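This report goes through one protein model by region. The sequence and the coordinates come first.

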Amino acid sequence: MGRRLATAVHVQHPTSREWIVLEPGDEPDDDLAAEITNPDAWEDDESTPDPEEPGSEESKQEEPQPFGFTPPPEPEPEAEPVQPAPRRRRKTADADA
């Protein structure tokens with residue numbers, strides 16, 4: 001039994017180069033599955049245990065946010081000190097005046 005998709009994906013068939021839409025719950029052939037590089041597109045494999053405890057509340061808080069949500073912005077780096085502009089030379093007064 002192959003792996004199941006958790007989300008819909010658009011895949012280009014490796015031999016015919018035709019675009020195919022696979023729906024959630026589909027189990028694509030190995031050649032198509034090799035073209036799907038996003039690990040989030042696949043359902044969690046329940047046969048392999050998760051290294052973290054499934055009931056742990058802390059592990060749920062550390063999960064990445066779903067697609068479409070942006071994390072809070074990172075603080076801006078401190079600005080570098082600005083050096084004053086170089087002084088211009090003053091014109092000398094005319095000796096004729």
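The sections below cover the overall layout, a salt bridge, the loop between the strands, a charged patch and one further pair of residues.

## Model and overall layout

The structure is a predicted model. Its secondary structure consists of two helices and two strands, and their order from the N terminus is β-β-α-α. Strand β1 covers 9-12 and strand β2 covers 19-22. Helix α1 spans 30-33, and helix α2 spans 57-61.

The protein has 97 residues, of which 12% count as buried.

## The salt bridge

How many salt bridges does a search of the whole structure find? The search returns one. Glu 27 and Arg 4 form a salt bridge through their side chains, with an N to O distance of 3.0 Å. Distant parts of the chain are linked by this pair, since the two residues are 23 residues apart. Glu 27 sits in the loop between β2 and α1, while Arg 4 belongs to the segment before β1. In general, side chains of opposite charge can pair when their charged atoms come close.

Both partners are partly exposed. The relative accessibility is 33% for Glu 27 and 40% for Arg 4.

## The loop between β1 and β2

His 13 is found in the loop between β1 and β2. Two contacts of its side chain are listed here. The side chain of His 13 makes a polar contact with that of Thr 15 at 2.9 Å. The His 13 side chain also reaches the backbone nitrogen of Ser 16, at 3.4 Å.

Arg 17 is in this loop as well. Is Arg 17 buried or partly exposed? It counts as partly exposed, with a relative accessibility of 47%. The phi angle of Arg 17 is near 60°, a positive value in a residue other than glycine. Most residues other than glycine have a negative phi.

Which residues gather in a patch of negative charge on the surface? They are Asp 29, Asp 30, Asp 31 and Glu 35. Asp 31 is placed in helix α1, whereas Glu 35 is in the loop between α1 and α2. Asp 31 has a relative accessible area of 35% and is therefore partly exposed. Glu 35 is also partly exposed, at 38% relative accessibility.

## Pro 24 and Val 9

Pro 24 is located in the loop between β2 and α1, the loop that also holds Glu 27. With a relative accessible area of 46%, Pro 24 is partly exposed.

How far apart in space are Pro 24 and Val 9, C-alpha to C-alpha? The distance is 8.2 Å, for a sequence separation of 15 residues. Val 9 falls within the range of strand β1, which is 9-12.

Technical notes: Residues are numbered from 1 along each chain as its sequence is written. This is a predicted model: local features need pLDDT of at least 70, side-chain atom pairs count only at pLDDT 80 or more; totals for chains, interfaces and linings use all residues. Side-chain values use heavy atoms; hydrogens and water are left out. Patches are made of residues with over 30% relative accessible area and no salt bridge: like charges are joined within 9 Å, nonpolar side chains (Val, Leu, Ile, Met, Phe, Trp, Tyr) within 5 Å. Accessible areas come from the Shrake-Rupley method with a 1.4 Å probe; for residues, only the protein chains shown count as cover. A salt bridge is a side-chain nitrogen of Lys or Arg within 4 Å of a carboxyl oxygen of Asp or Glu. Lys and Arg count as positive and Asp and Glu as negative; His and the chain ends are not counted. The place of a charge is taken as NZ of Lys, CZ of Arg, CG of Asp or CD of Glu. Helices (H or I, at least four residues) and strands (E, at least two) are DSSP runs, numbered from the N terminus. Buried means under 20% relative accessible area, exposed over 50%, partly exposed in between (1.4 Å probe, protein chains only). A polar contact is a pair of N or O atoms within 3.5 Å; within protein, one must be able to donate a hydrogen and the other to accept it, and residues adjacent in sequence count only if both atoms are side-chain atoms.
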